[in-house]
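Work through the exercises below with the structure open. Each task is followed by its solution.

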Amino acid sequence: MLIHPDRLFPAEPGARQIARRLYERVRKLPIISPHGHTQAEWFARNEPFPDPAKLFVQPDHYIYRMLYSQGVLLEDLEIGQSEPKDSRRVWRIFASHYYLFRGTPTRLWLDFAFQELFGLQDRLSEETADLYFDTISAKLGTAEFLPRALYQRFNLEVLATTDSPLDGLADHRAIRESNWKARILPTFRPDPVVDPEFGGFAENVAKLGGTTKEDTSAWSGYLKALGQTRLRFRELGCTATDHGHPTARTADLSMAEAAKLFDRVLAGDADAQQQELFRAQMLTEMARMSLEDGLVMQIHPGSVRNHNRKLYERYGRDVGADIPAATNYVEALRPLLDRFGNERDLTIILFTLDESTYSRELAPLAGHYPCLRLGPPWWFHDSPEGMRRFRERATETAGFYNTVGFNDDTRAFLSIPGRHDVARRVDCAFLARLVAEHRLDEDEAMELAHDLSYGLVKEAYKL
Amino acid sequence: MLIHPDRLFPAEPGARQIARRLYERVRKLPIISPHGHTQAEWFARNEPFPDPAKLFVQPDHYIYRMLYSQGVLLEDLEIGQSEPKDSRRVWRIFASHYYLFRGTPTRLWLDFAFQELFGLQDRLSEETADLYFDTISAKLGTAEFLPRALYQRFNLEVLATTDSPLDGLADHRAIRESNWKARILPTFRPDPVVDPEFGGFAENVAKLGGTTKEDTSAWSGYLKALGQTRLRFRELGCTATDHGHPTARTADLSMAEAAKLFDRVLAGDADAQQQELFRAQMLTEMARMSLEDGLVMQIHPGSVRNHNRKLYERYGRDVGADIPAATNYVEALRPLLDRFGNERDLTIILFTLDESTYSRELAPLAGHYPCLRLGPPWWFHDSPEGMRRFRERATETAGFYNTVGFNDDTRAFLSIPGRHDVARRVDCAFLARLVAEHRLDEDEAMELAHDLSYGLVKEAYKL
Amino acid sequence: MLIHPDRLFPAEPGARQIARRLYERVRKLPIISPHGHTQAEWFARNEPFPDPAKLFVQPDHYIYRMLYSQGVLLEDLEIGQSEPKDSRRVWRIFASHYYLFRGTPTRLWLDFAFQELFGLQDRLSEETADLYFDTISAKLGTAEFLPRALYQRFNLEVLATTDSPLDGLADHRAIRESNWKARILPTFRPDPVVDPEFGGFAENVAKLGGTTKEDTSAWSGYLKALGQTRLRFRELGCTATDHGHPTARTADLSMAEAAKLFDRVLAGDADAQQQELFRAQMLTEMARMSLEDGLVMQIHPGSVRNHNRKLYERYGRDVGADIPAATNYVEALRPLLDRFGNERDLTIILFTLDESTYSRELAPLAGHYPCLRLGPPWWFHDSPEGMRRFRERATETAGFYNTVGFNDDTRAFLSIPGRHDVARRVDCAFLARLVAEHRLDEDEAMELAHDLSYGLVKEAYKL
């Protein structure tokens with residue numbers, strides 16, 4: 001057996017009993033996945049997923065960053081190669097290093113998928129590598145492992161993707177137009193057209209003009225084009241935007257200043273400070289548009305992208321070399337909050353990679369401003385200990401009701417049920433501790449378990 | 001039942017038994033409240049407290065910041081209105097949102113007061129709102145709920161208020177001159193006359209000159225006026241000062257530099273940096289005076305006051321919109337410590353809103369400098385998890401004996417017993433864990449439980 | 001009894017049973033001490049250790065910083081006095097203040113030594129001071145308490161000292177040339193010749209030229225002299241270097257720039273920024289040399305040394321007045337990592353005094369770069385709670401296998417077994433919790449307990 005029915009529950013028998021009861025309340029609830037990086041194309045085409053290596057290893061930077069840190073070469077994992085050579089060999093390398101994941105959430109997610117989806121019972125290792133490869137390969141070829149079948153099996157109620165404003169959303173449209181009943185929604189992620197440091201920024205802005213028939217070489221046309229694109233997303237069910245800036249800085253420039261700054265960044269004449277100021281201004285513009293069109297705003301700041309220069313030069317973005325940095329919210333968000341902080345019809349969900357801000361900045365901010373909510377622990381902190389720290393540090397100031405449930409935020413579709421299961425269990429364990437310590441009554445914990453698993457995410461993301 | 005006899009004790013039965021024994025040792029000890037924001041006027045006049053809304057909701061920014069964060073309007077809570085309109089309606093709004101406080105310390109403090117003082121047994125909710133309102137209203141009208149009766153009932157041994165140097169302390173004098181035996185003491189909080197950004201700073205300094213007959217338009221007269229006012233406070237039992245600066249920065253300027261800087265800030269010509277430097281210099285001046293007159297010095301740095309511009313413009317200070325910021329101590333305190341750090345007759349109690357400094361800066365500083373002690377977890381961190389983090393992070397470096405017991409720091413008089421009860425229980429739970437893990441013997445834990453609840457605060461604050 | 005057989009294990013009986021089994025697996029493993037500050041001279045001469053005060057109190061800044069913080073004068077402890085006056089009096093002062101160490105790791109280490117080495121059973125206090133003094137004094141005079149006998153009794157497999165490049169390592173050579181079988185190895189700590197702020201820097205560089213016959217007044221000769229000295233250390237068994245800079249900053253200047261900067265710092269013309277840049281450059285030079293000669297590199301940044309000006313003026317360095325500061329790694333290490341981060345034959349072990357970096361910076365960095373490993377909790381964080389925080393915050397991102405086991409890092413030879421015992425117990429307790437919560441299987445935890453106690457340190461330090 002790879003996963004135990006009591007996993008992640010408190011060791012103390014009394015608290016464990018409480019956790020079991022709470023978990024039983026939420027175990028079968030549908031999954032709402034309001035933020036992630038799966039591909040609409042999978043569901044539009046509904047073709048079988050490829051082999052185990054391509055499914056589990058090559059798209060998952062959680063996995064290969066760990067292997068790389070211990071001396072496995074990305075070449076040997078066939079990362080960044082258009083033509084796969086030997087997937088079984090890649091899988092065997094992974095299997096023989098599986099012990100590296102002891103104590104990590106990756107291990108929990110994978111074991112869940114291995115056992116619950118593929119019926120595997122013996123731990124992955126050098127010895128069982130081929131058994132795993134063959135078992136998974138065989139199942140992937142069957143009808144019940146097609147993307148749409150898995151969506152149903154996972155009991156998904158909503159699944160949001162993350163999409164560029166330049167994306168025509170043809171796959172989303174195709175899903176809608178098919179007779180398949182599922183809610184797969186786009187999310188508006190404008191980084192390619194609002195971050196001057198994003199590769200091809202000026203070209204992207206020009207393309208945006210092309211698709212919207214607006215003059216995006218001028219500030220006013222650029223804003224109109226963004227607003228229009230947001231509406232295009234909304235028409236396909238989109239309820240949220242997402243913003244992945246290096247910092248949480250916001251600005252509130254005058255129209256004239258903003259227009260001038262836009263000209264400069266578009267011309268490529270802006271220095272690093274001006275680029276940062278432009279991103280800052282764009283967060284405030286996005287908040288203004290959200291107040292108009294109702295899209296929920298997500299801010300994911302504080303990642304130093306592409307920290308490993310050599311890997312970036314060779315493999316490009318998203319190869320597991322993004323490193324968090326200390327992040328300030330209290331001053332950074334002030335310009336935006338000065339303008340829109342008291343709006344009750346605006347929802348801004350804040351994320352962080354800097355846990356020291358949970359109790360110092362984020363919980364006090366979200367425990368005061370009507371527009372603010374706290375996103376769940378993100379990325380490196382999407383883990384049992386990370387979730388526990390989040391609840392312990394944020395709840396006493398922000399309460400539970402200024403948080404928004406769980407995000408799986410994953411590229412790995414097959415890990416979605418396992419990730420939500422970990423989140424539900426850790427929340428039940430936290431609630432069980434409060435009940436066992438008589439800080440909360442069990443009937444309240446029952447209600448909260450439901451809210452944290454299902455109710456809050458639905459409400460916060462307007463789903 | 002709203003509160004359980006074992007609340008906040010460890011779930012594990014062995015450790016819980018130890019916690020019960022330790023708590024039994026300290027449960028009935030008198031309460032020493034060396035720092036808070038109750039009003040001497042209440043005890044001088046000894047008039048009944050007003051209705052439940054005015055007692056519990058409107059003065060408590062912990063409560064209405066949470067309600068506000070979830071969309072309740074401050075107008076609907078009748079905040080900042082001179083004439084109350086419908087207290088029962090305010091109370092009903094509060095009651096119907098009481099679930100928001102699940103998992104927060106506010107819930108623990110309130111339930112304690114509801115049950116222990118007012119005999120209420122059913123949870124506050126929309127349904128029980130009127131029962132609560134009527135029960136509390138009726139009791140507030142009785143003799144045993146008058147301020148002086150409650151002081152006795154709460155088993156208070158000392159209660160310190162926080163007062164401006166411009167306050168004549170008439171209420172404190174009236175209490176002293178009455179035949180009522182109680183120790184209600186003022187605390188010298190000079191922010192209005194030492195912080196150039198405080199509203200009406202120059203006028204305040206001029207008024208200080210008026211009350212002291214010193215020429216406060218000159219540096220030397222200003223210092224004399226402060227020293228003289230400190231003595232006036234001391235004569236009424238004051239043992240401590242309190243300083244609420246944006247940062248912990250200190251300075252040690254020459255007499256001539258300081259005098260010049262004073263002229264500039266008084267003339268209103270100082271920029272933000274010079275204002276900060278002036279506050280920094282004043283901390284060192286206050287330390288110097290403390291060494292002379294024996295007043296214990298408290299530093300509460302790191303709050304970004306009035307973060308919500310619109311609320312500040314409409315309602316003024318203290319409306320729940322103060323947000324903590326990252327705080328540095330190791331360099332900021334250096335000028336003061338260079339001068340007075342090795343004085344054994346000086347006590348400086350450090351507080352923080354930045355928990356990352358507990359193990360990194362505060363415990364190492366207090367574990368070395370003879371003049372330094374660590375104040376208890378403050379404000380957002382005055383909570384079970386906050387207290388646990390403080391003990392876990394500070395004790396191993398600073399020990400228990402460089403800490404100073406508990407502060408309730410509250411405006412809400414009726415919450416005082418509940419707050420001290422939470423602190424005593426959390427400390428007993430922490431000690432019980434150390435005993436259960438054989439890191440401390442139970443006889444030592446007994447002694448420590450007494451010290452943390454009673455002994456250390458008395459000694460540190462010279463009470 | 002001073003120490004309990006179940007100390008530091010979880011209170012919950014099921015988890016405690018697991019911890020006991022894991023600990024039994026590692027209890028008798030040899031001790032590898034790859035980083036510390038014991039003196040090779042002790043083992044070269046093998047003379048009796050002096051009296052209890054000189055053995056336990058005067059060399060241990062953990063002890064006298066706590067006593068000093070509570071008003072004990074360093075004079076009364078005879079710190080910094082060449083001629084001891086009354087060791088028994090010093091011991092009595094220490095004994096009567098022993099309660100200050102409740103809840104600290106110092107207490108755990110000392111009680112271990114008192115009971116396990118000296119057979120003491122009653123707690124140290126004013127009453128038992130003389131009993132302790134006499135018992136310890138008597139044993140120190142016996143053959144079984146000579147340094148070499150203790151080395152064997154402690155079951156040490158390797159003991160590394162920390163040494164200046166100007167040290168001739170005569171004691172290390174003497175030990176090697178004696179017929180005593182023990183591995184006592186030097187560590188190359190070049191601070192005196194690479195840190196321009198180190199006392200006597202220029203003279204030290206000149207001396208380095210003298211011992212190596214290189215022209216250390218020029219950049220190229222200076223580098224050659226360092227390389228040559230590293231080889232001299234290596235010949236005596238050294239496997240590692242150690243670097244104690246104020247920050248983790250690194251640089252990668254051109255040859256010409258570096259040479260020019262060297263000239264300036266050597267001439268004493270460098271300002272603080274240039275001195276910092278020179279240290280930064282030297283970390284990168286050291287990494288380059290490590291790639292050549294195979295020495296493992298340790299970086300211990302973030303201590304503000306000699307924070308107490310008056311004590312420094314009177315007593316000099318290392319008197320317990322070093323205070324941690326916030327430390328950045330993500331930008332600071334970038335120049336070095338840009339150049340060498342992907343080298344699989346380089347090992348750089350990172351330490352920190354800023355726990356907020358564990359999950360934010362260090363675990364993500366070590367969980368990606370092949371050359372990086374995380375050192376154990378250091379100094380103020382070398383404690384049960386500190387170790388628990390490290391495992392909880394680092395493991396989920398970096399795994400266990402990017403860590404390197406335990407360092408005792410001590411000047412106090414007699415505390416070595418007690419320190420390793422605490423580390424082994426805390427690791428077993430952490431693993432037991434993972435097993436009890438079904439996040440890890442017990443057979444895996446068994447393997448990990450062995451790796452964390454013995455395997456990883458041996459591999460990481462190439463011992």
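**Exercise 1: relating two copies**

The model is predicted: local features need pLDDT of at least 70, side-chain atom pairs count only at pLDDT 80 or more, and totals for chains, interfaces and linings use all residues. Residues are numbered from 1 along each chain as its sequence is written, and chains are lettered from A and ligands numbered from 1 in the order in which they are written.

**Exercise 2: the contact of chains A and C**

Task: state how many residues each chain gives to the contact.

Solution: Chain A gives 41 residues and chain C gives 38 residues; two residues are in contact if their C-beta atoms, placed from the backbone, lie within 7 Å. Only 5% of the interface residues of chain A are also interface residues in chain C, so the copies meet through different surfaces.

**Exercise 3: two helices of chain B**

Task: describe how helix H18 (residues 384-398) and helix H19 (residues 416-436) of chain B pack.

Solution: Their axes (lines fitted to C-alpha atoms over the stretch in contact) are 10 Å apart, at an angle of about 45°. Among the residues that meet are B:Arg388 in H18(B) and B:Phe430 in H19(B).

Technical notes. Axes are lines fitted to C-alpha atoms, for helices over the stretch in contact, and angles run from 0 to 180 degrees between N-to-C directions. Helices (H or I, at least four residues) and strands (E, at least two) are DSSP runs, numbered from the N terminus.
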